[in-house]
Structure formats: C-alpha cells, structure tokens
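Trainee: Can you walk me through this fold? I would like to take it piece by piece.

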Amino acid sequence: MTLPITTYGSPILRKKSEPVKEITPDLVELAQNMLETMYKANGVGLAAPQIGKNIRLVVIDLAKEEEEHDPIILFNPEVEPEDGDNPLVSAEEGCLSVPDIWANVSRPSHVHLTYTNEKGEKIDMRNITGKFARCAQHELDHLNGVLFVDKISAADRAINESKLKKMAKGKK
Ligand SMILES: [Zn+2]
C-alpha cells in the first residue's frame, strides 16, 4: 500500500520524532508500505515523518534501477561523523517532501551508523561513505525536523525561495 507523502510546510516535518519502543508487526508493515511508497516515487530513502508519522523509522534502498531491490529498514538509527580525516563533501540532494528542488549540501564524508533492523538485530556500521553516507545523514535529519533546504547555500536558497514559499502556502 502506498502512503501520501507529507510535503514542505507541514509541521510534521519540523517535529523531533519519538524513539520506537518495540518493533511490532504493524511497524514492520508500515516500513514495507514506506518502501512501496518510496519506490513508486523513485526515491532512495524515506523517513517516517514524510508519511506523517513522528517516529524514528527510516527506509533506504540504494540499488540501481536495473538491479534487484535491496531495502534496509532502520529503527532508532543514529549517525555520527567518524573521527580523524573526515572532510566535508558537497553533492546534490533532493527530497520527496520538497519536490522539484535540487541543490548541493555539504556533509561529512565518513559516518558511523547504528540502528535496529526489522528482526530486532542491532546493526553497527563503521566508515560508511558515498551515497549511503549521504542518504543516511539526509534521512536521519528528517527525524530531527531538519530538511536539506536548511543546509543549502544562501545563493541556492534565494533561487528557490519563491518555490518554497508557494509549497508552504496554505499548510498549517
Ligand atoms: Zn528527504
């Protein structure tokens, strides 16, 4: 089942999400529905606030179009930059909740990611880089009410300001 995607201007996207206390079959089903929603919208990641729920749940699938689906479901994920030589890297991002805007965002290149999967197993991944690192940081920002457009340059912000205002209009 696909779910309606919450878009820019909705207060749900600005709230800090609550930890998941117990991984129930209902929550796993919700995650499956989030994946279906994400695939239909051609996204690579989706956080629960984007389907209107302020809980700490994210789904990611970085498989290429011609490849088999390779989904991961992350309950209560945490991400932090790795210590040491860890330069910021800039790359273009977009967001299913902020349609038709793409802009560069700088983020640490190496991150440490932990989460609990749908089987209740604790996963600990060190030194993640590339698209996975970027996507994990973008999606986890959603759980803290942060959107990628908060992190773009002033120039990109100015270019997109009218689009953002239009999107937010009428939402409360
Ligand atoms: Zn997003």
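Mentor: Start with a hairpin. S4 and S5 form it, with 2 residues between them. Keep in mind that this is a predicted model.

Trainee: In which sense do S4 and S5 pair, and over how many bridges?

Mentor: S4 covers residues 88–95 and S5 covers residues 98–108. The pairing is antiparallel, over 7 bridges.

Trainee: Which strands are the edges of the open sheet?

Mentor: The open sheet has 5 strands, in the order S1-S2-S3-S6-S7, with antiparallel pairing. An edge strand pairs on one side only. The edges are therefore S1 and S7 (122–128).

Trainee: Which residue in S3 stands opposite Ile60?

Mentor: Look at S2 and S3. They run antiparallel and are joined by 4 bridges. The residue opposite Ile60 is Ile72.

Trainee: At about what angle does H1 run to S2?

Mentor: H1 lies across S1, S2 and S3. Its direction is compared with that of S2. The angle is about 45 degrees.

Trainee: What angle does the direction of H2 make with that of S1?

Mentor: H2 packs on the sheet and touches S1, S2, S3, S6 and S7. With the direction of S1, H2 makes about 20 degrees.

Trainee: Which residues touch the most other members of the largest nonpolar core?

Mentor: That core has 26 residues. Helices H1 (25–40) and H2 (130–143) are among the elements that give two or more residues to it. Leu74 touches Val58, Ile60 and Tyr115, leaving out residues up to four places away in sequence. The residues with the most core contacts are Ala31, Met34, Val58, Val59, Leu74 and Ala136.

Notes
Residues are numbered from 1 along each chain as its sequence is written. This is a predicted model: local features need pLDDT of at least 70, side-chain atom pairs count only at pLDDT 80 or more; totals for chains, interfaces and linings use all residues. A nonpolar core is a set of buried Ala, Val, Leu, Ile, Met, Phe, Trp, Tyr and Cys residues joined through C-beta atoms within 7 Å. A residue is buried if 20 or more other C-beta atoms lie within 10 Å of its own, exposed if 12 or fewer, and partly exposed in between; C-beta atoms are placed from the backbone. Two residues are in contact if their C-beta atoms, placed from the backbone, lie within 7 Å. Axes are lines fitted to C-alpha atoms, for helices over the stretch in contact, and angles run from 0 to 180 degrees between N-to-C directions.
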